[in-house]
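Open the model in your viewer and keep the sequence panel beside it. The stops below are given in the order in which to select them.

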Amino acid sequence: MFFKQFYLPSLGHASYLVGSEESGEALVLDVRRDVETYFSEAREQGMRIRYACDTHQHNDYLSGICELPARGEVQLLAGARAEVGYLVRAMDDGETLEMGEVRFELMHTPGHTPEHISLLVTDRSRGDEPAILFSGGALLVGDLARPDLLGGEEETRQGAEAFCETLQHKILPLPDFVEVFPTHVAGSLCGGNIGSRLSTTIGYERRMNQVLSSLSSSEEFVRQCMDLTDLPAVPPYWPRMRKLNTEGPPPLGVLADPPPLGIDEFEKARDEGAIVVDCRPPEAFSAHIPGAINVGIGNSFATWAGSVLPPDRDLILVLDRAGDLWEVCWQLLRIGYPLPRGWLGGGMFAWRTAGKPIDVLPQWTVHELRRALDKDRDLLVLDVRQPAEWSAGHIPQARHITGAEIVKRVDELPKDRPIASICGSGYRSSVAASVLKARGHREVYNVLGGMTGWEAEGFQTAS
């Protein structure tokens, strides 16, 4: 049996290619949108992709599952409870798929979502015992996927109760040696305490996963699952992802190359309503095009782009390097945004040497923030970290609005007070600060080093 994991740190997402060395067939699980990576690996192994499956209709990214049939004779699989708008072979709980020496058993494992499935894999060239559980969100490394994404309190309770049944009767009875490969891994917001390793075992999680410690009492387990206090805030683009994944994500087709735009073209696009997305680091964004939103390229780009950029407006990019273009494009495509209208040819050098207007976002160190707080009682500290980070310690009198909520709640913040935006290091706070600047807040500062630097200096915190 051939097996490979594909990890996207930007989404905390793992997908998988499993192939039969006997038959040359392969299956792709929890498909990301740039599917060429799977075909490239299959070609390298002399295999042909014949099947594809998603463990559930994801909230956190747009699936590439509908791209595959256009590339070959690929049969799409789904659990019998999945109501999807594209053609699939529906499989019941306990039904199997034979692929040479590889046997997949479909397990209905609700909890994270009602239609959720897991795949139990046996490599019969090694024996008749199961070897791998592809758990999706039913069991994570040190955690479980959140049950609160599909509605209010009652839906969350139903998800938690289903989770209890899934774990007690489906997953934890499996042998200790079964390896567990989840879809939601380090970097995903689908859990509050996901470990940094990309796989685990049933036995290790049974002994070490703290969420499972209350499983003997269904009532206590449900109560614990429903305690959402320290879970990450849900990014506003997630409900849109699930809807599109259920309907069937639109095929990408042939992707055009977003063109470099001259200064006049760039200004014209902006004047016609396109949003300027500055993909440079916070330090570089200290001088920027007025009205630009700063989402620096890197592992957090997709989450924060999806949190602050509307899905129905053209985007035009400011890049450090032209070579960054397709990294940004794919991160946008994976969360359901269209390709950008273009990017600023020549970058900020071209803009400033053309004599165009420049706005400034001052960058403060934690020492400058502390001195400013001592002098100016009118200064508002805006903490945009996740709830668990806030609970662990924050600056006294700071205001807490997570980055996922900043667009929706920006009008709660006064425009007649100076605001210092802070997060863990300075990345998320720069995103939030750029939103404030674009919404008309004149005196805004970004704190580089963030709460990590503040605590490292031993400055006062509250909890």
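Predicted model: local features only at pLDDT ≥ 70, side-chain atom pairs only at ≥ 80, totals over all residues.

**First stop: a loop aspartate**

Select aspartate 227, which counts as partly exposed because its relative accessibility is 44%. Here buried means under 20% relative accessible area, exposed means over 50%, and partly exposed lies in between, with a 1.4 Å probe and protein chains only. Aspartate 227 sits in the loop that runs between α4 (218-225) and α5 (238-247). Helices (H or I, at least four residues) and strands (E, at least two) are DSSP runs, numbered from the N terminus.

Residues are numbered from 1 along each chain as its sequence is written, and side-chain values use heavy atoms, with hydrogens and water left out.

**Zoom out: the whole chain**

The C-alpha trace spans about 70 × 50 × 35 Å along its principal axes. The radius of gyration of the chain is 24 Å, which agrees with the value near 23 Å that a compact globule of 463 residues would have. That radius is taken over C-alpha atoms, and the globule rule is 2.2 Å times the number of residues to the power 0.38.

Of the 463 residues, 56% are buried. Among contacts (heavy atoms within 4.5 Å) with a separation of 6 or more, 68% are between residues 24 or more positions apart. Switch to a surface: the chain exposes about 19100 Å², and carbon and sulfur atoms supply 48% of that area. The areas come from the Shrake-Rupley method with a 1.4 Å probe, and for residues only the protein chains shown count as cover.

**The six-strand sheet**

Select β7 to β12. These six strands form an open sheet in the order β7-β8-β9-β10-β11-β12, and the pairing is mixed. At the edges are β7 (96-99) and β12 (200-201), each pairing on one side only. Two strands pair if DSSP finds at least two bridges between them.

Strands of a sheet pair through backbone hydrogen bonds, either parallel or antiparallel. Zoom in on β8 (residues 102-108) and β9 (residues 117-123), which pair in the antiparallel sense over seven bridges. Valine 102 is opposite aspartate 123 of β9.

**The five-strand sheet**

Next, pick out the open sheet of five strands, ordered β13-β18-β17-β14-β16 with parallel pairing. Its edge strands are β13 (260-261) and β16 (293-294), and each pairs on one side only. Within the sheet, β17 (residues 315-318) and β18 (residues 342-344) pair in the parallel sense over two bridges. Isoleucine 316 is placed opposite glycine 342 in β18.

**A strand covered on both faces**

Go to β21 (residues 380-383). In a regular strand the side chains alternate between the two faces of the sheet. Leu380 and Leu382 are on one side of β21 and Val381 and Asp383 on the other; all are buried, and both faces are covered.

What does β21 pair with over four bridges? The partner is strand β23 (residues 419-422), in the parallel sense, and there alanine 420 is the bridge partner of valine 381. β21 also pairs in the parallel sense with β22, over two bridges; leucine 382 stands opposite arginine 399 in β22.

Select aspartate 30, in the loop between β3 (25-29) and α1 (36-44). Aspartate 30 is not a glycine, yet its phi is positive, near 55 degrees. Its relative accessibility is 0%, so aspartate 30 counts as buried.

Glutamine 397 also has a positive phi, about 70 degrees, although it is not a glycine. Look for glutamine 397 in the loop between α12 (387-392) and β22 (399-400). Is glutamine 397 buried or exposed? It counts as exposed, because its relative accessibility is 75%.

Finish at serine 10, in the loop between β1 (2-8) and β2 (13-19). At 6% relative accessibility, serine 10 counts as buried. Apart from neighbours within four places in sequence, serine 10 is in contact with Gly298, Asn299, Ala302, Thr303, Gln331 and Arg334.
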